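Subject: Structure handover

Hello,

Please find the structure below, followed by notes on what was found in it.

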Amino acid sequence: MKAHKISDSVYCLHADIEAPDLFEGIWPIPQGVSLNSYIVKGEKIALIDLIRDWGGAPKQLTDALKDTGISFDQVDYLILNHLEPDHTGWLREFREKSPKAEIIATAKGINLVKSFYKITEGLRAVKDGETLDLGKGKVLTFREAPNIHWPETMVTWDGESGTLFPCDAFGSYGILGDRIFDDEYTEAEHAAFEKECLRYYANIVASFSAFVEKAVEKVAGLEIKCVAPSHGIVWRKNPKTIIGRYLKYAAYAKGPAEKEIAVIWGSMYGNTKQGVDAVVRGIAAEGVPYTIHRVPDENVSWVLMDVYKSAGLVIAMPTYEYAMFPPMANVLDIFRRKHITGKTVLRIGSWGWVGGAKKDYEAAIEPLKWTSLESLEWAGAPDEATLKGLEEKGRELARAVLAG
């Protein structure tokens, strides 16, 4: 793995992770993910953000560092913008290789260094606006950016090269190979990365959208020439593209979302599925774009991606033992955790010997502040009148979404 030059004094050292396990133990990454660290050179040397021992990352980092002509024992500072273990899990091993390196983080970050890794010496807590002079005119500035997406998070700014190091902010899923910069990808490849960027945001950052906006405001006065996140593409040609994308995603949390409908459904024996088909016919008749996700067949990671950006939702499930279909109950719990609020929603579903899903569902969505159309439920298989009513419900939801 080679190092990638951002400027005469800044290099990206990235590791591509194609391991079969899940990101954060939850989210599938079929396209993998990158772990990006950065070297900044003055008279002294700083390494910004780290890795964990995952998918061969230590060897990739070691090889990339060697490509810069630097060894671990030459590193003077390790700057940890964010202490989540995918960026710090290799910290004890790093400490053995770089015993003189001073570890720099926010005060809350230093507390996490102590609690996670039991390292108590060679630590420095920095405050918002504090600087680190590396010599040769290379000065780094630290800006606290709490809750993107842990409370200890900060970003690091290199004014000489115009590079912002925001760790998890402005990141994306997807491996990079030998092409790490935005100007090395085709329009079609960028479109694929944009989907993975939205999925990453919905999975990882969505709950903290208000803090994303605050962080962008905090760096608004900087002349940013390069955005260098710890996951995904390094934006050296069009850094405003990724910043604008994150602001758009943050706005979804409070509206307006896209005039689209995400249909999330589960069915035991096909009766609820018949109702879904009728509702979709009504949505399509009104010309509103829609996506369809079946649970539990499809991981909630992709469900979140489309739900987060859509103004309207269809929640379709049968009653199961006097309550909601359990896979849908899990999905709604994820929605609660990720603050999927302010949607216009239709819920439908069948029941067998008795209902119960409606009451359970209404209690689950109470914190979400959804605008709910009247639910439509039926016993067993839907008859023709029910199917016509469901199709009209689809039209009603579509019209409501178009009306904003």
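Helices (H or I, at least four residues) and strands (E, at least two) are DSSP runs, numbered from the N terminus. The model is predicted, so to speak of local features a pLDDT of at least 70 is needed, side-chain atom pairs count only at pLDDT 80 or more, and totals for chains, interfaces and linings use all residues. Residues are numbered from 1 along each chain as its sequence is written, and side-chain values use heavy atoms, with hydrogens and water left out.

Cis peptide bonds and positive phi

Most peptide bonds are trans, and most residues other than glycine have a negative phi. The bond from Val295 to Pro296 is cis, with omega near 10°; Pro296 sits in the loop between β14 (290-294) and α9 (300-309). Another cis bond runs from Ile148 to His149, with omega near 0°, and His149 belongs to the loop between β9 (138-144) and β10 (154-158).

Lys118 has a positive phi, near 60°. This lysine is in the loop between α4 and β7 and is exposed, at 61% relative accessible area (exposed is over 50%, buried under 20%, partly exposed in between; 1.4 Å probe, protein chains only). Cys167 also has a positive phi, near 55°, but lies in strand β11 (residues 163-167) and is buried, at 1% relative accessibility.

The sheet

Seven strands make an open, mixed sheet in the order β1-β2-β3-β4-β5-β6-β7, where two strands pair if DSSP finds at least two bridges between them. At the edges are β1 (4-7) and β7 (123-125), each pairing on one side only. From one strand to the next, the twist averages 25°. Axes here are lines fitted to C-alpha atoms, for helices over the stretch in contact, and angles run from 0 to 180 degrees between N-to-C directions.

Strands β4 (residues 45-48) and β5 (residues 77-79) run parallel and are joined by three bridges; Ala46 has Tyr77 in β5 as its bridge partner. Helix α1 (residues 57-67) lies across β2 (10-17) and β3 (33-41), at about 155° to β2. Helix α4 (residues 107-117) lies across β6 (102-105) and β7, at about 150° to β7.

Thr272

Is Thr272 buried or exposed? Because its relative accessibility is 1%, Thr272 counts as buried. Thr272 is part of helix α8 (residues 271-285). Leaving aside residues up to four places away in sequence, its contacts (heavy atoms within 4.5 Å) are Gly266, Ser267, Ala316, Met317, Pro318, Gly349, Ser350 and Trp378.

Regards
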